[in-house]
Amino acid sequence: MLEINGVHLPLSDIARVAAGGVELGLSQSALQRMARSHQSALSASSRRPVYGRSTGVGANRNVALQTSTEPSAHGLNLLRSHAVDAGTSLSRETVRAMLLIRLSQLAAGASGIDPAIPLALLAMLNDDTLPDVRNFGGIGTADLPALAGTALTLLGERPTLGGGRVNEPLKGWTSGNALPFISSNALTIAQTVLAHQRLERILYNAETVSALSFLAVSGNPEAFSPAVAAAADTRFVADAAATMRSLVLGHRPPARIQDPYSLRTLPQVHGSQAEELSLLKKLLERLVTAGHENPMIHGGSADQTEEVSHHGLFQMTNLARRIDSMHIALGTGSAVNLRRIGLLCDPAYTGLNRFLAADDSGQSGVMMLEYVAAAAVGRIRVNSQPASLQTVVLSLGAEEDASFATLAAAQLESTADALSKLVAIELICAIRALRLQGTEAQQLHSERIRKILDVAQALPESIEDRDLRHDLALAENIVLTAHK
């Protein structure tokens, strides 16, 4: 069982829970922290205005709630009015990740929510009775529709994903618990975490695949020498140069004194991508346990005095910027992926038939794979346009900016999908070239190279013109799987 403590939640555990079949629990310390925070919220809202508890929200923030109103009326109205979303239903994997992250954030003890609601959320996850969440609704200032819809599902007012109902619907939802539940970017963070975890595997394998291409075109390893690594402008580029050197040494003499950029600049490409991936991971590790609810209730620790803070941390400006930076590194690097595929199709670089065909009498070989790769590059580079430059004014001017981190996260998911196909195509071409050149795994020094060559035996050996869709699916599965 994975115990949620509100303090630490590895991204790999989120991906594991998202895949399904993991039983979850809440730590005793998390339950105690939430209980203290809840009591602090009740006490504070009896003495002073607290946004969403004793006031309306958005442009209604200055409207005081009538104390004579039935205790659950405002909360239910808030949930029902904020639950609208649109578009296609998100995957069960994404929804599980969203619920887990929201549970972890609530366990941090800054929301003031009644612990009964996180416990109901825990049951929803363990029973796998998930809400139906659609892909349009958030703008990077809290995923209000996704979480309000989750609340209605917990109450039994909405069907679950697939048309059922939760096993034990909540009996009511007091007004003070409505905003604390929905004031979170858990969906945006979940989408980014899952994309990040896919990118970790894809980029590791992309580095290996680029080495296969380098070997197939007899590249010059001087570009990865220790002297070059020592002069690199960042540690990540230096590490990438050392890695590439270890992968390609000892095959055959270089064919050129100086290679094309798509071979020579591999350390810069892989290094910049690794650096952005590392920075994004650090931010996500913070966000999955951060109590960014507005208002923030300082009642989670025994040594804290009762206090409420209204703030703007829920606006995911840093996440949007960090995803944009990741995208720029991927977008610029994708062009050289495509160029290496072009080199592998060129007899001047491989000594083989054009497009790695069976003969040179008009067969097309892997020609159309290059077109598919170009389409993938186009998608990646369009996605690389910065989402954080978007803005909007909403709620009668009360909310005059938005991070659009939600858009950035969706773009990153799309990019990971396109990148896996781009790297898979390079893998097919590199493996075909090395096979035609008669390269054997035992000739190569790198264990990592030998391992992927062994895995790539699953790719068909036939080089006659045929439908390559199955080959691409097999290669993409290799790219999406960890081979460390």
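Which side chain meets that of Arg134 in a salt bridge? The partner is Asp132, with an N to O distance of 3.0 Å. The legends below describe this pair and other sites in a predicted model.

**Figure 1. Overall view of the protein chain.** The predicted model contains 18 helices and six strands. Its C-alpha trace spans about 85 × 50 × 45 Å along the principal axes. Of the 484 residues, 55% are buried. Among contacts with a separation of 6 or more, 79% are between residues 24 or more positions apart. The chain exposes about 20,300 Å², of which carbon and sulfur atoms supply 52%. There are 41 positive and 46 negative side chains, and the centres of these two sets lie 2 Å apart.

**Figure 2. The salt bridge between Arg134 and Asp132.** The side chains of these two residues meet at 3.0 Å, N to O. Arg134 is partly exposed, its relative accessibility being 31%. This pair belongs to a total of 16 salt bridges in the model.

**Figure 3. The salt bridge between Arg322 and Glu276.** The closest N and O atoms of Arg322 and Glu276 are 3.3 Å apart. The pair links distant parts of the chain, with Arg322 in helix H13 (residues 317–344) and Glu276 in helix H12 (residues 266–287), 46 residues apart. Arg322 is partly exposed, with a relative accessible area of 21%, whereas Glu276 counts as buried at 16% relative accessibility.

**Figure 4. The salt bridge between Arg92 and Asp128.** In this pair the closest N and O atoms are 3.1 Å apart. Distant parts of the chain are linked here: Arg92 lies in helix H4 (residues 92–107) and Asp128 in the loop between H5 and strand E4 (134–136), 36 residues apart. Both residues are partly exposed, Arg92 with a relative accessible area of 30% and Asp128 at 27% relative accessibility.

Figure 5. Asn126 lies in helix H5, which comprises residues 116–127. The residue is partly exposed, with a relative accessible area of 33%. Apart from neighbours within four places in sequence, Asn126 is in contact with Val22, Glu23 and Leu24. Its C-alpha atom is separated by 30 Å from that of Gln315, which is 189 residues away along the chain.

**Figure 6. The cysteines Cys345 and Cys429.** Each of these residues has the other as its closest cysteine by sulfur position. The sulfur atoms are 5.0 Å apart, and therefore too far for a bond, given a disulfide cut-off of within 2.5 Å. The count of disulfides in the model is zero. Cys345 is buried, with a relative accessible area of 5%, and Cys429 is likewise buried, at 0%.

Definitions and conventions:
Residues numbered from 1 in each chain as written. Predicted model: local features only at pLDDT ≥ 70, side-chain atom pairs only at ≥ 80, totals over all residues. Heavy atoms only, no water. Helix = DSSP H or I, 4+ residues; strand = E, 2+ residues; numbered from the N terminus. Buried < 20%, exposed > 50% of the residue type's maximum accessible area, 1.4 Å probe, protein only. Contact = heavy atoms within 4.5 Å. Areas by Shrake-Rupley, 256 points an atom, 1.4 Å probe, with all protein chains shown as cover. Lys, Arg positive; Asp, Glu negative; His and termini not counted. Charge placed at Lys NZ, Arg CZ, Asp CG, Glu CD. Salt bridge = Lys/Arg side-chain N within 4 Å of Asp/Glu carboxyl O.
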